[in-house]
Amino acid sequence: MNGGKLLKILIFFLIILQVAGFVIHNESITRYACLFLFFAIASLYFIYTKQVRVFKIIILAVFFIKELIVFCAFENGIKYHIVMHIVIYILLFYFLYFNHKSFIYNKRDIFTLILGSVLFTVILAITYYELKTLMGNLQVFGFFYLLLIYVLLIIGAMHYINIRSEKSLWFFLSMLNFAFSDFMFLIDRFYLESNELKMFIMICSPFGFIFLVKYMITKTLVLKAEEFEGF
């Protein structure tokens, strides 16, 4: 068994460990498992990438700063969490800009996009409407927080449906997991505090990061149309 496979086993073990720490109300286990989990997932990039890119290192560094804030439990932790995610999502737009090509869709593609977009738009609108008053002075940050992941998810889905490559799939799955995590985070912090939501966040957020790293290390392979490059 090589180092990469051992690292993947460690990652899944740490995900389970942080959830277990939360269940038994051991905050130290949860926090340390979360911090080590970041290093384990980030290590996948350095092990599997053939060429280290500065921009991707910057994204990993911002993730690390966010994890440090959570680990150190700074005051106004919710605000810092939201702001750091806003910064990360703004940086991720680089991937959309750098890899953007024209879209070609058939009728099934259009139907799928419209149905998914309408559903997610309704979820976004209802969530923000219910939370905007409860967020208080974080209302503006919360709006951009939800809006950015909304746009990233929709465009990520557009690219995947257009190209259907492995690389575009990882980006879409990453944004999907981050979207679930973000919505549950805001609901838990401002609307209805729930242990179940916290546990789902502990699962969705790491998987979103894992899929993002998979996107970073996967070579572009166009499956639907050779004319268009995917993520």
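Predicted model: local features only at pLDDT ≥ 70, side-chain atom pairs only at ≥ 80, totals over all residues.
Trainee: How should I read a helix, and what is the general idea behind its faces?

Mentor: An α-helix has 3.6 residues a turn, so residues three or four places apart point the same way. Keep that in mind for α1, which has 21 residues. From its first C-alpha to its last, α1 reaches 30 Å, close to the 30 Å expected at 1.5 Å a residue.

Trainee: Which residues of α1 are buried?

Mentor: They are Gly-4, Leu-7, Ile-11, Leu-14, Ile-15, Gln-18, Val-19, Gly-21 and Phe-22. Seen down the axis of α1, these buried residues fall within an arc of 160°, so they line one face of the helix. On the other side of α1, Lys-5 and Ile-16 are exposed.

Trainee: What covers the buried residues of α1?

Mentor: The cover includes α2 and α8.

Trainee: How does the span of α2 compare with what its 22 residues should give?

Mentor: The end C-alpha atoms of α2 are 32 Å apart, which agrees with the 32 Å that its 22 residues should span at 1.5 Å a residue. The buried residues of α2 include Thr-30, Cys-34, Phe-38, Ile-41 and Tyr-45. Among the elements that cover the buried residues of α2 are α1, α3 and α8.

Trainee: Now the core. What is the general idea?

Mentor: In soluble globular proteins, nonpolar side chains tend to be buried together. In this model, the largest nonpolar core has 62 residues. Inside this core, Ile-11, Tyr-89, Leu-92 and Leu-186 have the most contacts.

Trainee: Which helices each supply at least two residues of this core?

Mentor: They are α1 (3-23), α2 (27-48), α3 (54-72), α4 (77-98), α5 (107-131), α6 (139-163), α7 (166-190) and α8 (195-217). The largest share, 11 residues, comes from α7.

Trainee: What is Leu-186 in contact with, leaving aside its neighbours within four places in sequence?

Mentor: Leu-186 is in contact with Ile-82, Leu-131, Met-135, Tyr-145, Leu-146 and Tyr-191.

Trainee: Is Lys-66 buried or exposed?

Mentor: Lys-66, which is in helix α3, is buried, with a relative accessible area of 4%. Leaving aside its neighbours within four places in sequence, Lys-66 is in contact with His-81, Met-84, His-85 and Ser-205. Helix α3 also holds Phe-64, which is partly exposed, with a relative accessible area of 26%. Phe-64 touches Phe-38 and Phe-39, not counting residues up to four places away in sequence.

Trainee: How is empty space found, in general?

Mentor: Rolling a probe the size of a water molecule over the atoms shows where empty space is left. Here, the largest pocket has a volume of about 950 Å³. Its lining has 37 residues, and Thr-30, Cys-34, Val-70, Arg-189 and Met-202 lie nearest the centre of the pocket. The elements that give two or more residues to this lining are α1, α2, α3, α4, α7 and α8.

Trainee: Which element gives the most to the lining of the largest pocket?

Mentor: That is α2, with 8 residues.

Trainee: Last, the backbone. Which residue with a positive phi follows α1?

Mentor: His-25 follows α1, and its phi is positive, about 60°, although His-25 is not a glycine. His-25 sits in the loop between α1 and α2 and is exposed, with a relative accessible area of 71%.

Trainee: Where is Arg-164 found?

Mentor: Arg-164 is in the loop between α6 and α7. Arg-164 has a positive phi of about 55° and is not a glycine either. At 28% relative accessibility, Arg-164 counts as partly exposed.

Notes
Residues numbered from 1 in each chain as written. Heavy atoms only, no water. Core = buried A, V, L, I, M, F, W, Y, C linked by side-chain atoms within 4.5 Å. Buried < 20%, exposed > 50% of the residue type's maximum accessible area, 1.4 Å probe, protein only. Helix = DSSP H or I, 4+ residues; strand = E, 2+ residues; numbered from the N terminus. Contact = heavy atoms within 4.5 Å. Expected span 1.5 Å × (residues − 1). Arc of directions from axis to C-beta. 1 Å grid on protein atoms, 1.4 Å probe; cavity = no way out; pocket = protein on both sides within 12 Å on 5 of 7 lines; lining within 4 Å. Points joined across faces, edges and corners; volume = space filled by probe spheres on them.
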